[in-house]
Amino acid sequence: MAAQLDYGYGMSKGVPGGKYDLSMDVVVTRTNEEADGVLRFGMAAMAGSSPGTTVKVPVSGATAEKIEGIVLHAENTEQDRKGRVVVPNHASVGIMTYGKIWGRTSSDAVPVYGNKAYVVVDGDEAGYFTSAGTEASVYLPCEADTSGALEVVADDTASPTAAQIKVSGVTPVSGGYVPAVGDHVEKKKLHGDTVDIGATFGTETDDGIAVIILK
């Protein structure tokens, strides 16, 4: 029989939408009006077609007062046949409006304790949190024949062409990519302007998530 032998004081690994600690929080119940799997734990949610009753993924043009909070993780949510945890349409979901919770972070996020955690309201990462108060783009590695591809050249290149970029100029990058001379990269817009809901980043981060403090 298995037994726990180590009772360390370290924080356990976070999960999207999980409560960070036992400090005071406020959670309200709403109904998910998105299709199965669209709304995810740890995402910011905005008022849906029936404000105060339903929620949905934030959309472009959303304002701070429309963002209700963050979708709370629910242990009783079943996995689909591919092992994915799916929040179904019309399911009741907990929305934390005040407290500390693990929120999903965007590809460009650089969480720093006390700094503002903005909500992304467009693109593939709508509902995620970022440190960028305005629109953001990143460089991604790509094939040479990709439309808009730029060849990475050395910093001492005297006059780069319109199809070239100095290696020091390839920033920010995505997913830990380290640019090298001879690579080809493309610039991808991650999101447009973001929304300030008064949230800040907490002290901890994990893979694709960070502690968000809702005030």
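**Inside the core**

Modeller: Happy to! The largest nonpolar core is made up of 18 residues, and I101, F129, I212 and L214 have the most contacts inside it. Keep in mind that this is a predicted model. At least two residues of this core come from each of strand 2 (44-47), strand 4 (67-71), strand 5 (92-104) and strand 13 (209-214). Strand 13 gives the most, with three residues.

Now let us zoom in on I212. Leaving aside residues up to four places away in sequence, I212 touches I70, G99, K100, I101, G103, A117, F129, A199, T200 and F201. Among these neighbours you can find I101 and F129, both named above for their contacts inside the core. There is also a second, separate core of twelve residues, and F41, V71, V93 and Y128 are included in it. As a general background, nonpolar side chains in soluble globular proteins tend to be buried together.

While you are looking at strand 5, find W102, which belongs to the one aromatic pair in the structure. Its partner is Y20, in the segment before strand 1 (26-32), so the pair links parts of the chain 82 residues apart. The ring centres of Y20 and W102 lie 6.0 Å apart with their planes at 70 degrees; an angle over 60 counts as edge-to-face, so this pair is edge-to-face. Both Y20 and W102 are buried.

Technical notes:
Residues are numbered from 1 along each chain as its sequence is written. This is a predicted model: local features need pLDDT of at least 70, side-chain atom pairs count only at pLDDT 80 or more; totals for chains, interfaces and linings use all residues. Side-chain values use heavy atoms; hydrogens and water are left out. A nonpolar core is a set of buried Ala, Val, Leu, Ile, Met, Phe, Trp, Tyr and Cys residues joined through side-chain atoms within 4.5 Å. Buried means under 20% relative accessible area, exposed over 50%, partly exposed in between (1.4 Å probe, protein chains only). Helices (H or I, at least four residues) and strands (E, at least two) are DSSP runs, numbered from the N terminus. Contact means heavy atoms within 4.5 Å. Rings of Phe, Tyr and Trp (its six-membered ring) pair if their centres lie within 6.5 Å; planes under 30 degrees apart count as stacked, over 60 as edge-to-face and the rest as tilted.
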